[in-house]
Amino acid sequence: TYSEDAIFAGTDNGLFRTTDVTKGWQKVNLGEEINSNIFVVYSTPVQPGTIWLGTMTSGVLVSRDNGRTWDKMDVAPRGIPITAITIDTKRPNNIYVGTTQSLYLSRDGGRRWTRRGGGLPLGKYTSILVNPDNTDEIFAASSLESDGGVFFSSDAGERWTRIDQGMPVPSRRVWAMAFDPRDPNRIFAASHSSGIYRIDRIPERAAEESKTDAVSRTVIQ
């Protein structure tokens, strides 16, 4: 991830930073007794100098001075791997964190957290998208082997609906998602061992039906 003229890379042996890739990388000191297996590195231009980390066993870390110092956030139970972090770019106090067991929400910049909204099952949440045009709309993908899939919320994570129910796809274990930069009504979803799928929304239905129903039920490989 990129933050204030530096590139940060998370590895299974720590966090590294460079301001010039031709000159190499430096390991970042995260503090005492912090697990060095980094699963997530996240930053956004709406929070200059702020970097969020998801670790294997040390939870969520945040730096607000471009990586010089770090604070540990009390998000999930101790020892649970953090697999996704996303922030609402219009309301930066709204933070979404995925773990190997559940999804957590904060509305106050990370001081307090609640665990998943109604209708969202336990799962391994490896990707979270916030619609930049309407940040009440959240997509969360689970790669859980027994019950993975894609879920949608139209109220900033309070209530959820599965949107891949009944779809004839080989795998509902979704590891990553991304909006099409040319079309915000299209999402690409990377699955476990069965390729990438395209999820198309139907904007013209949104004015007539609820936001949840405005998500297309069609996935095209």
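In this predicted model, both faces of strand β14 are covered, since Ile138, Ala140 and Ser142 on one side and Phe139 and Ala141 on the other are all buried. Strand β14 spans residues 138-142, and five of its five residues are buried.

**Strand β14 and its partners**

- Strands of a sheet pair through backbone hydrogen bonds, and this pairing can be either parallel or antiparallel.
- On one side of the pairing, β13 and β14 run in the antiparallel sense and are joined over five bridges, and within this pair Val130 stands opposite Ile138 of β14.
- Strand β14 also pairs with strand β15, which covers residues 149-153, again in the antiparallel sense and over five bridges.
- The bridge partner of Phe139 in β15 is Phe152, and the two strands β14 and β15 form a hairpin with six residues between them.

**The largest pocket**

- Rolling a probe the size of a water molecule over the atoms shows where empty space is left.
- The largest pocket holds about 280 Å³ of space, and its lining is made up of 15 residues, of which Tyr42, Thr86, Ile128, Leu129 and Val130 lie nearest the centre.
- Two elements give two or more residues to this lining, namely β9 (82-87) and β13 (125-130).
- Strand β13 supplies the largest share of the lining, with five residues, and β13 is also the strand that pairs with β14 over five bridges.

**An open sheet of four strands**

- Four strands, in the order β1-β2-β3-β4, form an open sheet in which the pairing is antiparallel.
- Strands β1 (2-3) and β4 (26-27) stand at the edges of this sheet, and because each has a single partner strand, one side of each is left without a neighbour in the sheet.
- Strand β3, which covers residues 14-18, is joined to β4 by two bridges, and these two strands run antiparallel; the bridge partner of Phe16 in β4 is Lys27.

**A nonpolar patch on the surface**

- Tyr2, Ile7, Val21 and Trp25 form a nonpolar patch on the surface, and together they have about 410 Å² of accessible area.

**Salt bridges**

- Side chains of opposite charge can pair when their charged atoms come close, and a search of the whole structure finds 10 salt bridges.
- The side chains of Asp88 and Arg91 meet in a salt bridge with an N to O distance of 3.0 Å; Asp88 is buried, with a relative accessible area of 0%, whereas Arg91 counts as partly exposed at 34%.
- Arg182 and Asp180 also meet through their side chains in a salt bridge, at 3.8 Å from N to O; Arg182 counts as exposed at 77% relative accessibility, while Asp180 is buried, with a relative accessible area of 6%.
- Asp200 forms a salt bridge with Arg198, and their closest N and O atoms are 2.9 Å apart; Asp200 is buried, with a relative accessible area of 16%, and Arg198 is partly exposed, with a value of 25%.
- Salt bridges that share partners join Asp180, Arg182, Arg186, Arg198 and Asp200 into one network.

**Two residues with a positive phi**

- Most residues other than glycine have a negative phi.
- Glu33 has a positive phi of about 55° although it is not a glycine; Glu33 is found in the loop between β4 and β5 (38-42), and it is exposed, with a relative accessible area of 80%.
- Arg116 is a residue other than glycine with a positive phi, near 35°; Arg116 is found in the loop between β12 (114-115) and β13, and it counts as partly exposed at 28% relative accessibility.

Technical notes:
Residues are numbered from 1 along each chain as its sequence is written. This is a predicted model: local features need pLDDT of at least 70, side-chain atom pairs count only at pLDDT 80 or more; totals for chains, interfaces and linings use all residues. Side-chain values use heavy atoms; hydrogens and water are left out. Two strands pair if DSSP finds at least two bridges between them. Patches are made of residues with over 30% relative accessible area and no salt bridge: like charges are joined within 9 Å, nonpolar side chains (Val, Leu, Ile, Met, Phe, Trp, Tyr) within 5 Å. Accessible areas come from the Shrake-Rupley method with a 1.4 Å probe; for residues, only the protein chains shown count as cover. A salt bridge is a side-chain nitrogen of Lys or Arg within 4 Å of a carboxyl oxygen of Asp or Glu. On a 1 Å grid over the protein atoms alone, a cavity is a set of points where a 1.4 Å probe fits but cannot get out, and a pocket is an open set with protein on both sides within 12 Å along at least five of seven lines; lining residues have an atom within 4 Å of a point. Grid points are joined across faces, edges and corners, and a volume is the space filled by probe spheres set on the points. Buried means under 20% relative accessible area, exposed over 50%, partly exposed in between (1.4 Å probe, protein chains only).
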